[in-house]
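Please report on the local features of this protein chain.

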Amino acid sequence: MFAQCPLLRIFNSPPQKHKSRIICCSHKQHLMLLFGDNARVTRTMRPSGQSRILFLLACLRLEVNTVYFGSCSSPLGLESGGVPDKDISASSAYDAASVGPQHGRLRHDKNGGAWCPRHMVTRDAVEFLEVNLGAVHAVTGTQTQGRFGNGQGQEYAEEFLIDYWRPGLVKWRRWRGRDGKQILPGNTNTYLVEEQKLDPVLLASKVRFVPYSVHVRTVCMRVEILGCPWKGGLISYSMPQGLVRGDVDLRDVLYDGREEGGRLVGGLGQLVDGHKGSDNFHVEVYGPGKGVGWVGWRNDTPALAGQPVDIVFEFDRVRNFSAISLHTNNLSSKEVQVFSQAKVYFSVNSGRQFSGEPVQFSYMPDLVMEHARNVTVKLHHRIGRYLKLQLYFASRWLLLSEVSFDSVVVHGNVTEEEVDNSLLPGLHQPDDAGTVAYQPKEDTPQRDEFHHTTPTRDQQRKTVVKNRKQKSGSTHSGLPGHFGPEKSVTINMKELQMRVNVNAKGGHHVYGQVSMEEPPLAEKAGAGAGGGGMYHEPFSNMYS
């Protein structure tokens, strides 16, 4: 079948009631949907004309709402040695020289052949093997082995937990899956490698493997971490917690920070988990429960009455921002619409004080097409480490699924006075960068978004002219529409030409979640952790 069938799309479907692969396939005049890991054909069609186009669009639509982590699953350096011994530590070790943390590398069989904690493992889960990745990475999975020890080993971890930390977190967090489970399956023998996928993906610079056992037992582990470097720079976002709408949970249930007075603070959650919510938020897509994938607010709640939704993003360093992309819901028949207006403020030194004029953006309401969509707001190379986004309600409900940024690091020391919410030397900004009107192009859809009904060209032209007159009193402008690939506009001003280039890029970010108190790291390799039963006496040739 595959030898004769050029594949148009192969991707993992959102985990609904089944967890199989869906393949959209074209062979001769037939179009097929294939389900299952072995690509068993369950539906074959021979549409023509408009039906064929709709079929292909359906395949593409499924893919857009699916996030790929296949390119972010590389080993991060334990097996290869890319992670040095000094960056691998543990709560304890039975013998630092033979089974210390430096021996907990996947597929290594030197000395004792694994990391073995000093004490037996129980459900208290206090022993851990810690890996310092240096910088923040997107961690998409793990691999584990037991202690082979040249055929003499008998120890392995049947189950384990994952704890993680990154800059901005005040304490270690414990990962949990979308189903709420924290315990990951480990090994059933000492030699086979077992791989565990992490969904949601977590963002971390330090990762701990915490062996777990219902019954008291001795364990040893060899591990690897799968993922990729994460260069987005986002440390945290703070915002009002979402609401529950009937049987639909629109809260940010994956947020790994803390909640203070109804506001989420100091963490990351669903807005950067890499999964876009479906058009109909009443449908279960990424896990049990309706609304999963969306965070929603209502305009008549006491905290938001007459006020916009206020989201503050903190980044690791001062950055030059080109654009922000927001995946929003527009199910207008259910009182949900894209925001009517957005304002974006910038600050270098503080996430509480934002000075200067914001970038402003208006969105023309769409009451015809109800599909979810990406809305991109040009930020015109504004500078900041903190970014405050204000979204104004267009209907009773406002729903967000994903937020991503197009930015680069600004090198050197930058002060608020130097920036003054304008430009650093060497950066160019169009004169009318403060206000941007919604001007979609019929032949240039937004990134990762399919076509939707837009205002007529006459309506768009009137809106743009009105905004420009209000700002400058002139119908001349040096900035084209804010969407689409690189474009240029030429303006003759006393026989002088000026070209302004506008670029739009985007990215996805991912992360992961739950709170726990930080286990003390008072004792490193070779030191006892205290408490619990003693490790079983090894065989005489165990570490020879």
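**Exposure and the model**

A residue counts as buried under 20% relative accessible area, as exposed over 50%, and as partly exposed in between. R107 has a relative accessible area of 46%, so R107 is partly exposed. The model is predicted.

Most residues other than glycine have a negative phi, and most peptide bonds are trans. R107 is found in the loop between α2 and β7.

N150 also has a positive phi, near 55°, and is not a glycine. N150 lies in the loop between β7 and β8. Its relative accessible area is 55%, which is over 50%, so N150 is exposed. The peptide bond between D199 and P200 is cis, with omega about 15°. P200 belongs to strand β11.

**Disulfides**

The model holds 2 disulfides. One joins C72 to C228, with an S to S distance of 2.0 Å. This pair links distant parts of the chain, 156 residues apart. C72 sits in the loop between α1 (50-64) and β5 (74-75). C228 sits in strand β12 (residues 222-229). The torsion about the S-S bond of C72 and C228 is about -90°, so this disulfide is left-handed. Both C72 and C228 are buried.

C116 and C220 form a disulfide too, their sulfur atoms 2.0 Å apart. Here the torsion about the S-S bond is 110°, and the link is right-handed. This pair also links distant parts of the chain, 104 residues apart. C116 is in the loop between α2 (96-99) and β7. C220 is in the loop between β11 (194-212) and β12. C116 and C220 are both buried.

H137 lies in strand β7. Is H137 buried or exposed? Its relative accessible area is 12%, under the 20% cut-off, so H137 is buried. The side chain of H137 reaches the backbone oxygen of A135 at 2.8 Å.

Which residues does H137 touch, leaving aside those up to four places away in sequence? They are L76, L202, L203, A204, C228, P229 and W230. Among them, C228 is the disulfide partner of C72.

**R382**

R382 lies in strand β22 (residues 373-392). Its relative accessible area is 4%, under 20%, so R382 is buried. A polar atom of the R382 side chain lies 2.6 Å from the backbone oxygen of E357.

R382 and S322 are 60 residues apart in sequence. In space, their C-alpha atoms are 7.2 Å apart.

**A nonpolar surface patch**

F148, Y191 and L192 make a nonpolar surface patch of about 290 Å². F148 is placed in the loop between β7 (129-145) and β8 (159-165). N150 lies in the loop between β7 and β8 as well.

Why does F148 count as partly exposed? Its relative accessibility is 32%, and the class runs between 20% and 50%, so F148 falls in it.

Key. Residues are numbered from 1 along each chain as its sequence is written. This is a predicted model: local features need pLDDT of at least 70, side-chain atom pairs count only at pLDDT 80 or more; totals for chains, interfaces and linings use all residues. Side-chain values use heavy atoms; hydrogens and water are left out. Helices (H or I, at least four residues) and strands (E, at least two) are DSSP runs, numbered from the N terminus. Buried means under 20% relative accessible area, exposed over 50%, partly exposed in between (1.4 Å probe, protein chains only). A polar contact is a pair of N or O atoms within 3.5 Å; within protein, one must be able to donate a hydrogen and the other to accept it, and residues adjacent in sequence count only if both atoms are side-chain atoms. Patches are made of residues with over 30% relative accessible area and no salt bridge: like charges are joined within 9 Å, nonpolar side chains (Val, Leu, Ile, Met, Phe, Trp, Tyr) within 5 Å. Accessible areas come from the Shrake-Rupley method with a 1.4 Å probe; for residues, only the protein chains shown count as cover. A salt bridge is a side-chain nitrogen of Lys or Arg within 4 Å of a carboxyl oxygen of Asp or Glu. A disulfide is a pair of cysteine sulfur atoms within 2.5 Å. Contact means heavy atoms within 4.5 Å.
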